[in-house]
Amino acid sequence: MDTQKLKDRLGGKLQTGQPKSTTNNDVAVQSAEVSEVSEVTEIITVTSEYPALTNNALEIINENLKNQPLSHGLFDIVKSPSGGTTAFTVPGLAGEEIEKEITGIILDYTMPRAYWDTPDPIEGVPPVCYSRDSIVSHDGKPCSQCVYNDFGTKNGGETQAKACKESVEIFLLRPDNILPLIVRVPVSSKMLFLKYTTRLVSNLTPISGVVTKIALEKATNRTGQPYALYNFEAIKALTQEEATTAKAFGQRFMDILNATYENDTPQEVA
């Protein structure tokens, strides 16, 4: 997409969001509108290529799951590729598909971390300690004061890595789904993602207000080992109606997910 066009689009959204001078009558009307909106519980559907924004997706989710908890383990997860591979392996109805890039609306994200007391944990074995936000552990201890949060604690100090593994989990809503895909970003690209979110902040743009493209490029670490580096790019600004609905859907969806998160111990972290 033309970068200047995207900037112009975002700039236009900012201009329309600038505050205007108001009279007492305006304030009264605005107060009534706010009161009306606060009473609305339905997510307003819009015309969009995203089915989750044009249908009552949450009702479909509840119907298919028979009101069972929406567990983290039910989601398709795109893991970080190994060996510097620059393509994603994406789960699909017909099996795994190889894609060079993934695009969609980021509804929300979390920054989990986990610690195993063995250098090579077996798949499916829960960690000894974990955190949903990289700030406080599951048992209420501050992550910043944990010895396993120090650089060089992994594998007895063989590397400068931390023993407690960090990542970013992005809930990416794609055009062909009403359930988001979890894209797991390793710690090596965590700062790149946070820089991307900061750029959006500088434009007063919510992360769910744009379509984001996620791609990979090959890089090498200090020891010459290849790995995949994540790149994030805003390729399209949503319409005001789409952005409003995407934000509401994301909040409602995460509320449902977070209701089961406390008893949902992670099995692995990228």
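This is a predicted model: local features need pLDDT of at least 70, side-chain atom pairs count only at pLDDT 80 or more; totals for chains, interfaces and linings use all residues.
Residues are numbered from 1 along each chain as its sequence is written, and side-chain values use heavy atoms, with hydrogens and water left out.

I then looked up helix 5 itself and found Lys190, Phe193, Tyr196, Thr197 and Leu200 buried (under 20% relative accessible area, with exposed meaning over 50% and partly exposed in between, for a 1.4 Å probe and protein chains only). Because these residues cover an arc of only 125 degrees around the axis, they sit on the same side of helix 5; the arc is taken from the directions from the helix axis to the C-beta atoms. The face turned away from that buried side carries the exposed Met191, Thr198, Arg199 and Ser202.

Next I turned to the largest nonpolar core, which has 22 residues; such a core is a set of buried Ala, Val, Leu, Ile, Met, Phe, Trp, Tyr and Cys residues joined through side-chain atoms within 4.5 Å. Its largest share, four residues, comes from strand 10.

Last, I checked helix 4 (residues 57-65), in which Ala57, Leu58 and Ile61 are buried. They cover an arc of only 100 degrees, which puts them on the same side of helix 4. Just after this helix, lysine 66 takes a positive phi of about 55 degrees.

Note on methods
Helices (H or I, at least four residues) and strands (E, at least two) are DSSP runs, numbered from the N terminus.
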